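This report is for a reader new to the structure shown below. It goes through a few selected parts, one after another.

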Amino acid sequence: KVFASLPQVERGVSKIIGGDPKGNNFIYTNGKCVILRNIDDHGRFVNCVRFSPDGNRFATASADGQIYVYDGKTGEKVCALGGGKAHDGGIYAISWSPDSTHLLSASGDKTSKIWDVNVNSVVSTFTMGSTVLDQQLGCLWQKDHLLSISLSGYINYLDKNNPSKPLRVIKGHSKSIQCLTVHKNGGKSYIYSGSHDGHINYWDSETGENDSFAGKGHTNQVSRMTVDESGQLVSCSMDDTVRYTNLTLRDYSGQGVVKMDVQPKCVAVGPGGYAVVVCIGQIVLLKDQKKCFSVDSPGYEPEVVAVHPSGDTVAVGGTDGNVRLYSILGTTLKDEGKLLEAKGPVTDVAYSHDGAFLAVCDASKVVTVFSVADGYSENNVFYGHHAKIVCLAWSPDNEHFASGGMDMMVYVWTLSDPETRVKIQDAHRLHHVSSLAWLDERTLVTTSHDASVKEWTITY
């Protein structure tokens, strides 16, 4: 297993070109042949080997917490940085300064360090935190920029002049993103995304600056989220909870948590403090963050839900290919006995913002739009996706809506004409589109299991 390699070798001069993970054997060449040499200084796995840019020295970093510096031509050991252990934990990465005089190291002891190799001393120590996720797994010295990567996936821009605080921390998701929503707060539009590990991130839609909520939140996949009329983020998770989080405070502490009897899959909100949660084999009505009614064993498997903007009607899509309508009557849900037929198992439902239409997408690659004013009669059918459609979202103009699918494509449809559409092919190349939302009439936001969030400018 090779950990490091060199550019072109000078003829007749020995050069180390790799090392095995046990730290005993190094491969080097003298220009004519490759030789295996035993170097047994490290007591545990060697995680990183790096040559200095000038080629005169190379350094090795190991799980034993030591960094050794060797002569780049002869392979003879020059020194052990720090005299003994360079870090109190295993060292996962090292990177040389451009002038070959200093070395940056990253360790599981939650620190990164700058070393003056010529005098064998620590110049700066960057303490990145105290939790397991603050372990430092990677580093890079690129010109004037010093970067480290935490176990959390955060990228830290280190400040040589102030080791106590990074210049900048780039945060985001390190697991697949399942859902997103958008909301205006303080005059700015923000994007909220939830991932497979229970992490929720918020993004400034203009600058891309982002952060996570403070405190302890969901402990498992965030399946769906939306924002209610009081400016609270309502999220449901595979940890069997529905959470209400204030978007001004952005802090989980002291926020409302509703424990569900079974695992929730989807949540939708309406005016008057109502929320409807679709769980496995159950539909639950919440009022002011409290359970007030449930439909147990409904006779089909509910999958997704939407609440009409007026707050009086709930549409629930099932795996049986039907959408059922319920009325909210005080603290109860009444089945209206009306079935809307989709073309396959329903994967998402969404009302237009003016409440005039209900869009339904399914696993048979079709979007069906129903006219609410005409008694939910079928208005139009939209074909184009090559695989199961996963998500839907209406534009604020109520004339267009977007759909994303397992085919990694996004379509923006025109309500009055199914043939007039905008196609975004390979919107997320690494995985399917898992959720989408509109920032305004021209800006669409999409996300995917590739852990990225993208903004698109739509031109009709």
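Predicted model: local features only at pLDDT ≥ 70, side-chain atom pairs only at ≥ 80, totals over all residues.

## Strand β18

Which strands pair with β18? One is β17, made of residues 188-195, which runs antiparallel to β18 and is joined to it by 5 bridges. Within this pairing, Tyr202 of β18 is the bridge partner of Tyr192. Another is β19, residues 210-212, which also pairs with β18 in the antiparallel sense, here over 3 bridges. In that pairing Trp203 has Asn210 of β19 as its bridge partner.

## The two hairpins

β18 takes part in a hairpin with β17, in which 4 residues lie between the strands. Gly198 in this hairpin takes a positive phi near 90°. β18 also forms a hairpin with β19, with 5 residues between the two strands. In the turn of this hairpin, Gly208 has a positive phi of about 85°.

## A sheet of four strands

What is the order of the strands in the open sheet of 4 strands? The order is β8-β9-β10-β11, and the pairing is antiparallel. At the edges are β8 (91-96) and β11 (121-127), each of which pairs on one side only. On average, neighbouring strands of the sheet are turned by 20° against each other, direction ignored.

In general, strands of a sheet pair through backbone hydrogen bonds, in a parallel or antiparallel arrangement. In this sheet, β8 is joined to β9, residues 102-107, by 5 bridges, and the two strands run antiparallel. Ile91 has Ser107 in β9 as its bridge partner.

## Two buried serines

Ser150 belongs to strand β13, which spans residues 145-150. Is Ser150 buried or exposed? Its relative accessibility is 6%, so Ser150 counts as buried. The side chain of Ser150 makes a polar contact of 3.0 Å with the side chain of Gln136, and a polar contact of 3.0 Å with the side chain of Asn156. Setting aside residues up to four places away in sequence, Ser150 touches Leu133, Gln135, Gln136 and Asn156.

Ser403 lies in strand β37, residues 400-405. Ser403 counts as buried because its relative accessibility is 0%. Its side chain and that of His385 are joined by a polar contact of 2.8 Å. Beyond four places in sequence, the residues that Ser403 touches include His385, Val367, Ile389, Cys391 and Leu392. Met409, Val410, Tyr411, Trp413 and Leu436 are also among them.

Ala59 is part of strand β5, which runs over residues 57-62. With 0% relative accessibility, Ala59 counts as buried. Apart from neighbours within four places in sequence, Ala59 is in contact with Cys48, Val49, Arg50, Ile67, Tyr68, Val69, Ile94, Trp96 and Leu103. Ala59 and Tyr300 are 241 residues apart in sequence, and their C-alpha atoms are 63 Å apart in space.

Asp40 is located in the loop between β3 (34-38) and β4 (46-51). Asp40 has 54% relative accessibility and therefore counts as exposed. From Asp40 to Gly215 the separation is 175 residues in sequence and 46 Å in space, C-alpha to C-alpha.

## Domains

The protein is divided into domain 1, residues 39-170, and domain 2, residues 260-335. How far apart do the C-alpha centres of domain 1 and domain 2 lie? The distance between these centres is 54 Å.

## Confidence in the model

The mean pLDDT of the protein is 90, and 91% of the residues reach 70 or more. Two stretches can be named where pLDDT stays under 50: residues 1-9 and residues 30-36. For residues 1-9 the model has 25 contacts beyond four places in sequence. For residues 30-36 the model has 19 such contacts beyond four places in sequence.

Key: Residues numbered from 1 in each chain as written. Heavy atoms only, no water. Pairing = 2+ DSSP bridges. Buried < 20%, exposed > 50% of the residue type's maximum accessible area, 1.4 Å probe, protein only. Axes fitted to C-alpha atoms, helices over the stretch in contact; angles between N-to-C directions. Polar contact = N/O pair within 3.5 Å; in protein donor to acceptor, adjacent residues only side chain to side chain. Contact = heavy atoms within 4.5 Å. pLDDT = per-residue confidence, 0-100. Domains from an automatic or database assignment.
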